[in-house]
Structures are given as C-alpha cells and as structure tokens.
Amino acid sequence: MRVTERSRVGTMILTQNRASDRFGNAARIAASGARVTKPSDDPVAYGSKVRRDYAIAMLEERSKIASRAEGELTVVQNALSEASDMLLAVKETAIQGASTTTDPKARKLLAEDVRTMRDSLLSLANTKYGEKYLFGGTRSDTLPFSPDGTFNGNDQVVRVPVLEGVSPPSNVSGAKAFTAVGGRDIFADLTALADALENDNQAAVKDLISPLSTNHEQVVRAQVEAGFNAERFRTAADVLVSTKAAVAERLSAEIEGDPAEQITELTLARNAYERSVAVTKQLLSIGTGG
Amino acid sequence: MGLFGLLSVARDGMTAQSAALATTGANVANVATPGYARRTAILESATDGNGGVRYTRTERSFDRFAYAHVVGEQSKYGAADARSSALTEIETTLAPPSNSIGDQATSLIRSFNALAGFATDPSLREDVIARADNLATTLQNTRASLEATSANILGRAGDTVNDLNAQLGRIADLNRQIAAATGVGGDSAGLRDQRDLAVRDVGDRIGARAIEDKTGRVTLFAAGAVLVEGDSAKELSMDLDTNGGMRFFVTGAAKTEITSRIDGGTLGGLREARDVDLKKAIADVDAYAFDVANAFNTVHATGFGSDGGTGRALFTISATQAGAAATLTVNAALVGHPERVGAADSAGSLPGGNAIALKLANLADTQVFGGKTLADRFASIVTDVGFRKNNADAELELRTDTLAVAESLSDSANGVSLDEEMVNLSQYQRAFEASSRILRAADELLQTLMESF
C-alpha cells in the first residue's frame with residue numbers, strides 16, 4: 001500500500017489523540033480515585049452508586065435520629081430515676097409516719113415533707129426537653145400534669161424510624177408512669193398520704209405504705225422501659241454507623257476501583273503517550289527532512 | 001535519424017521532463033492541501049519516428065470507490081460525533097457531580113425522617129418545605145436545561161441546513177465550471193478537487209453519494225433525494241411537526257419531506273439526539289416529577305398540620321404527565337407556614353404525632369414511583385442515559401477508526417507520497433540533465449561537422 005503524507009499525518013494525529021485521551025482518563029481516575037464519576041463511565045455501577053448514595057444518606061440521617069432519640073430517652077430515664085428515688089423517700093417517710101413512736105407534731109412536719117416531695121415529683125413529671133414535654137404523649141406542647149395532678153396529655157406512642165421497618169418508641173407514657181392507667185394515681189396517693197399525716201391518721205398512713213410500693217414499682221417499670229428503648233436506639237445507632245461504613249466500603253470498591261491498578265494504568269498510559277510523542281517527532285522529522 | 005533528429009529528441013525530452021517536474025512540484029506543494037488528489041504527468045513515446053518522448057497530459061489520480069467509501073464513513077462519523085456531543089450535555093444535565101434530582105429527593109426523604117423523629121421541632125418542618133422546594137426547583141431547572149439543549153441542537157441543525165444549502169449551491173456551480181473546462185479540453189483537476197471536498201462535506205452533514213457523468217458533473221444523492229443535478233441544486237429546509245420533532249424538506253419543483261431518510265451525517269446525529277435521546281430524557285424527568293409529586297401528595301394530604309388543618313398537597317403539579325417537571329412547585333399554601341406540614345395522622349395526636357411523617361419517610365422504600373423505589377427510579381433514568389452515551393461513544397470510536405481506515409485507503413490511492421515525489425523529482429531531474437547532455441553532444445557533433453568544411 002502506498003503510504004502518503006496525509007495518511008501518515010492522519011495516523012499520527014489519531015494515535016496521538018488516543019494516547020492523550022487514555023493518559024487524561026488515567027490521570028483523572030488516579031487523581032480523584034474515582035473510576036465512575038458519570039453514568040457513561042459504567043452505567044450499571046453508576047446505578048448502584050445512586051442506590052448506595054441514597055442508602056448511605058438514610059443511614060446517616062437515621063443514625064442522627066437514633067442518637068437524638070437516645071438523648072431524649074436518657075433525659076426521661078434520669079427524670080424517672082429521680083422520681084423513683086423520691087418515691088422511696090416518700091415510702092420511708094410513710095413508714096416513719098406510721099410508727100407508733102411518731103407524735104402528731106412530727107407527723108405534721110412529715111406531711112410538709114411529703115407535699116414538698118409531691119411538688120418535686122410533679123415537676124419531674126412535667127420535664128421539658130427543649131420545647132417538648134416528655135411525658136405528655138403526642139400532646140407535647142401542653143403541661144402534662146396540672147398542679148392538682150390532673151393528666152392533660154395522652155397515651156400515644158411516638159415511634160421513630162431507625163432501621164428499615166424498625167421504629168422503636170421514643171417516648172414513655174406519662175399516663176402509665178404516674179396515673180391510674182399504669183396502676184395507681186401517684187399524685188393522688190401522695191396527696192392522701194400528706195393529708196393522713198396532717199390529720200395524724202396513723203392507720204391511714206399505714207394503709208398507704210403498700211400503694212406507695214406499687215407507685216415505686218410503677219415508676220421503675222417506666223424507667224426500665226425508657227432505659228430499654230434508649231438502649232435500642234444506642235444499639236441502632238451503632239448498627240447504623242457500622243452498616244454505613246460497610247456500604248461505603250462496598251461503594252468505594254465498586255466506584256473507586258483498585259488504586260494499584262489505577263497507578264499501573266497511569267504509568268502505562270504515560271509511557272504510551274511519551275512513546276507516541278517520540279514516534280510523532282521522528283515521523284515529522286522524516287517528513288520535513290526528506 | 002540524423003543529427004537534427006537527435007536535437008529534436010533532446011528538445012522533446014527536456015520539454016517532457018520539465019512538464020513532469022512541474023507536476024511533481026505541484027504535488028509537493030499540495031501535499032497538505034485538503035481535497036488535493038495527486039497528479040501524474042503522462043509521458044509517451046513520440047510517434048514521429050525519431051524515438052523521442054512526448055508529454056501528453058497531466059492526469060488526476062483518483063480512485064472513485066475509495067473516495068465514495070470515505071464519504072460514506074464521513075457520514076457515519078458525523079452522525080456519531082453529533083449524537084455523542086449532544087449526549088454529553090444530556091448526561092451532565094441529568095447527573096451533575098452534585099445536587100442532582102436524586103440528591104435533592106434524598107434530602108427531602110432525610111427531612112421527613114428527621115421530622116418523623118421529632119415532629120414538634122418547628123425547624124424540621126421548615127426544613128421539609130425547603131427540601132421540597134429544592135427538589136421542585138432542581139426538577140424545573142433540569143427540564144429547562146434539557147429544553148435549552150434541545151433548542152441548541154435545533155439551532156445547530158438550522159446552521160447545518162444553511163451550510164448544506166451553501167455547499168449544494170457550490171457543488172452545482174463547480175459542476176458548471178468543470179463541464180465548461182472539460183468541454184474546451186481545459187484542466188478541471190483543481191475544480192474537481194474543490195468539488196469532491198464539498199461533496200465530502202455534504203456527506204459529513206447529511207450522508208451523500210455522488211455519481212459523475214461524461215461531462216464531469218456529479219449528481220448528488222442524499223436522504224433518498226437528488227440534491228444536485230447538473231448545474232442546479234435543490235434547497236433543504238426544516239421546521240417542527242406538531243410534536244416538536246424536526247422535519248426536513250427538499251425543495252425543487254415540489255417540496256418533499258425527507259425526514260425519515262435523514263439517518264446519517266451531522267443532521268442524522270442531531271435528529272436522533274434531539275428527537276429520540278433528549279425526548280426520552282425530558283419524558284423521564286416529567287414522569288419522575290409527576291410520580292414523585294403525586295406519591296408525596298397522596299400521603300401528605302392525609303396528614304394533619306400542627307395548626308389542625310389537613311387535606312393539603314405538598315406539591316402543586318399539572319394534571320398530566322407531559323410537561324409536569326416544568327410546573328412543579330411546593331404548594332403555595334405551605335410556603336412560609338411550616339405548621340401546615342402534615343406530620344400527624346389525627347387532630348388528636350397533635351402536635352407531636354408523627355405517623356404521617358413516618359409514612360412519608362418510609363415512602364422512598366416503597367415501589368410507588370412508577371413501580372420502583374425512589375432511588376431506583378432515578379437510577380433507571382441515569383443508567384438509561386449512561387447506556388445511550390456509552391453506546392454513542394463506542395459508535396464514535398468505531399467510526400473514528402473506520403473513517404481513518406477509509407481515509408488511509410483513499411489517501412493511498414489519491415494522496416501525495418513525498419517519498420514517491422522525491423524519487424520522481426530525481427528521476428525527472430536526471431532525465432532532464434541527460435536530455436540536456438544529448439543536446440550538447442549533438443551540438444558539439446554539428447560544430448565538429450561544420451568545422452570540417
């Protein structure tokens with residue numbers, strides 16, 4: 001075949017373009033570490049990237065949600081822990097008040113103590129986290145317990161999404177913790193105790209000791225429930241973080257490729273480009289020198 | 001043959017070698033001229049009985065089949081190049097490095113998740129509205145960008161049609177000049193170079209086949225129509241059909257539509273990119289916007305805002321799918337009113353109720369977006385455009401190679417080889433020198449003869 005100048009130059013340009021394109025691509029991939037940056041790089045891998053980016057975003061968001069829910073439940077747990085301690089103190093006060101060695105004056109003082117503790121308990125039952133009342137159910141913008149102990153909230157459970165199909169409760173029912181819905185109306189019992197102590201009614205005080213134990217158990221049950229759910233969120237957050245890391249690793253393996261392979265390809269592409277330039281220079285010198 | 005005959009032989013030799021040297025000089029001078037076909041000086045034995053040489057003509061070496069192959073490959077290359085270039089724009093619009101439609105949809109779902117976690121947090125309600133607005137704006141912008149690409153392609157097709165008409169007129173004009181030159185026995189090689197280059201240019205734009213008649217004129221066929229016949233050229237024109245698709249016409253004695261035959265050259269590539277690839281991308285974006293808006297609206301309308309209101313849509317969108325992305329906005333009733341975001345499933349569960357926010361958060365994982373999940377739906381759109389671009393690039397690479405091979409074959413037959421020309425140059429130079437030497441020898445012999453008297 002006759003080799004003409006145009007075909008020689010055409011071949012040089014084509015080869016040079018190819019070598020330059022290969023070198024450019026290899027440099028881009030090696031520098032960014034990403035084998036797939038646009039759909040046409042690898043349509044199937046890009047589709048996987050879209051799905052996994054979404055999965056990673058969800059895992060990240062739900063991990064944040066789980067941590068925040070755990071934080072709220074920890075506040076609930078602390079409030080209930082204090083309430084539990086307070087109810088034990090109330091029970092001890094009742095035992096002291098029921099004692100035959102306690103005189104009426106002392107019972108009046110104990111009645112005052114009980115009323116103070118009832119107010120503190122009421123304050124704990126109305127605990128706020130930010131602008132949200134924690135024991136009002138979904139009526140979280142309203143004071144859950146009035147000063148007389150009336151419950152203004154509801155018993156609804158707020159479920160929070162953490163894993164696909166898994167939405168643990170992020171609240172503890174104030175109704176179950178403090179009202180007859182959970183067994184006994186704690187504020188009514190405390191009011192009755194204070195009244196009995198005030199009126200020096202030793203028998204009535206004695207009769208209230210057992211219900212006070214029930215009150216304590218009722219709050220402890222709620223505290224355990226809060227702790228259990230907080231633990232679920234903590235575990236979920238851990239699972240989400242590790243799952244996110246695993247998904248990201250799989251994604252990077254698919255999208256980023258093997259760094260050693262990329263560096264090797266960059267070296268090969270660079271060599272090919274340099275060879276192509278050298279050959280082009282030689283061919284051009286033949287053309288002009290002839 | 002006498003001494004005077006020898007003088008004639010030497011003279012004819014010098015004349016013939018001069019002509020051959022001039023041809024070689026022209027070949028060397030035009031080695032890089034586009035469209036130039038090498039010339040060959042045709043030398044013959046003289047028939048005057050003296051045994052000399054005679055320059056008869058300069059022939060344009062031209063392999064018509066190799067050239068036709070180049071024109072055909074140029075057409076396929078033109079189509080592949082135009083389509084690949086348009087698909088680059090479509091791909092970048094649909095899948096930018098960040099803030100794609102898919103990214104914005106993911107952000108909206110994230111905001112619903114956050115709201116489901118803490119429905120009483122007013123900042124999270126505001127975030128839902130902001131994310132929904134971002135998604136709507138991105139869908140609108142994406143569609144507008146695709147429409148702009150469509151308009152650009154249309155403009156480019158219009159320019160191509162104008163260029164084509166200019167080239168068709170030029171080919172007809174060159175046909176006339178070639179026939180005139182051929183008729184008077186003149187040299188039409190330069191005109192043919194220009195005309196064949198123009199034919200190749202037409203091939204690049206629309207695909208063409210040229211057949212030369214005895215007078216040297218070519219009849220140019222393209223897209224199933226005769227575009228140039230003899231000295232007259234027809235005119236191409238384009239407009240849009242009722243669906244917005246490009247239509248092409250040839251106007252001669254009558255106006256004939258040739259749209260369905262435009263499948264090669266730049267016009268063929270632009271037509272496929274705009275009326276097939278881009279149309280599909282726009283339809284996909286519209287369908288995505290329509291399905292996403294309706295899926296979210298259906299669930300959101302069942303929710304109760306913290307103001308107690310219900311039955312509100314999250315998005316406002318057209319009733320039909322066509323053009324949906326262009327009309328997508330956040331429901332105006334919600335803008336500036338985060339309390340109207342429906343997170344609760346009943347008025348009784350306000351303000352902390354989150355059942356509807358939870359449903360909205362989980363909506364992305366259900367197959368309510370045209371039978372797919374939200375991420376799958378976007379993935380299928382970008383995967384489709386990725387495959388199209390991938391195929392177009394592969395086609396372009398193939399056509400680059402096949403065009404290079406065709407050009408190489410054509411150049412092998414029609415092009416100038418400097419190696420050859422250098423050899424020819426030496427050969428003709430030596431032949432000229434030898435003829436000159438013979439002239440001198442004959443002259444010396446004549447002088448010797450004259451001196452002997």
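Which residues make the nonpolar surface patch of about 320 Å²?

Reply: The model is a predicted one, so local features need pLDDT of at least 70 and side-chain atom pairs count only at pLDDT 80 or more, while totals for chains, interfaces and linings use all residues. Residues are numbered from 1 along each chain as its sequence is written, chains are lettered from A and ligands numbered from 1 in the order in which they are written, and side-chain values use heavy atoms, without hydrogens or water.

The patch is made by M1(A), V405(B) and L409(B) (patch residues have over 30% relative accessible area and no salt bridge, with like charges joined within 9 Å and nonpolar side chains, namely Val, Leu, Ile, Met, Phe, Trp and Tyr, within 5 Å; a salt bridge is a Lys or Arg side-chain nitrogen within 4 Å of an Asp or Glu carboxyl oxygen; areas are Shrake-Rupley values with a 1.4 Å probe, and for residues only the protein chains shown count as cover). M1(A) sits in the segment before α1 (5–32) of chain A (helices, H or I of at least four residues, and strands, E of at least two, are DSSP runs numbered from the N terminus). M1(A) counts as exposed because its relative accessible area is 70% (buried is under 20%, exposed over 50%, and partly exposed in between).

Elsewhere in chain A, D195(A) belongs to helix α5, which covers residues 186–198, and D195(A) is called partly exposed because its relative accessibility is 32%. The side chains of D195(A) and R115(A) are joined by a polar contact of 2.8 Å (N or O atoms within 3.5 Å, one able to donate a hydrogen and the other to accept it within protein, with residues adjacent in sequence counted only if both atoms are side-chain atoms). From C-alpha to C-alpha, D195(A) and A226(A) are 32 Å apart in space, with 31 residues separating them in sequence.

In the loop between α5 and α6 (202–256) of chain A we find D200(A), which has a positive phi near 60° although D200(A) is not a glycine. D200(A) is partly exposed, because its relative accessible area is 30%.

Finally, L350(B) and P351(B) are joined by a cis peptide bond with an omega of about 0°, and P351(B) is placed in the loop between β11 (329–330) and α8 (355–363) of chain B.

Definitions and conventions:
Buried means under 20% relative accessible area, exposed over 50%, partly exposed in between (1.4 Å probe, protein chains only).
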